[in-house]
Amino acid sequence: MRLLKRVKRRGKKKPPQVEIGLAFVGTGWCITTDQYVVTAHHVFNEGKPRDPNDRFYAFIVPANGPTAYHFPISGFPVEDAASDIAIVELGPCSTAAEHIQPLPVTFSRPPDGSMVGTYGFPAPEVLGANVDPNTLQFLSGQFFLKGHANEGIVAAQYDFNGGWHYEFNVGWHHGESGGPVVRLDPLAAFAIMQHYRTIKAPHGIVIGPHRGRSLEAVQQGLPLRGAVVV
């Protein structure tokens, strides 16, 4: 997902010069064809309330090819900061022939040791972009955006702060937050990639296991928006 933000530069110029900030902030995955996408809530504004003036877009790169296509995000029907899960609504794709296919979901809990897969988009370096400064409409850009799959196992699971959490022996990169964690057979998302748990070591705080919240946290909101539950 890409964020577009107006940034005012302070200085001697009056009125203040305004620039447009662009960033790829996370990964999302579709639950209803071309309509609803699940992601991590913290990708909007690092866990703080979302700025209503910001614009967001969802990008797809079919077959990791040379061209990316974008869908404007038109609504935010679920913004659950406590579980760090959000559901966003898409507007029409910039290219009518392109579509986002949905992924089934499950609320069952795979046992420890179960094989899992992850999928996300490591944040690319943005080389350039064209944006309408008045509407923040994305027009075109140059960036290296490619999907990244990984696999591992459920390493641990537990109830924490009133919600079911998983830890995985799978690593992920900046930009992949919000991507799905899936069981492999039958294929279905059961958790969301969120963050890592820190560990206090003799020489300071170090990165610990990667952790994700169970989709049970939004169990009511997913079927209401057309998710296929298996």
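**Strands first, then pockets**

β3 and β4 pair in the antiparallel sense over 4 bridges (strands being DSSP runs of E, at least two residues, and helices runs of H or I, at least four, numbered from the N terminus; two strands pair if DSSP finds at least two bridges between them). This is a predicted model, where local features need pLDDT of at least 70, side-chain atom pairs count only at pLDDT 80 or more, and totals for chains, interfaces and linings use all residues. Residues are numbered from 1 along each chain as its sequence is written, and side-chain values use heavy atoms, with hydrogens and water left out.

Back to the hairpin: 3 residues sit between β3 and β4, and Asp34 in the turn has a positive phi of about 60 degrees. Trp29 has Val38 of β4 as its bridge partner. On β4 there's also antiparallel pairing with β7 (residues 85–90), again over 4 bridges, with Val37 partnered by Val88.

Now the space. The largest pocket holds about 650 Å³ (on a 1 Å grid over the protein atoms alone, a pocket is an open set of points where a 1.4 Å probe fits, with protein on both sides within 12 Å along at least five of seven lines; lining residues have an atom within 4 Å of a point; points are joined across faces, edges and corners, and the volume is the space filled by probe spheres set on them). Of its 27 lining residues, Gly28, Trp29, Ile100, Tyr119 and Phe121 are the closest to the centre.
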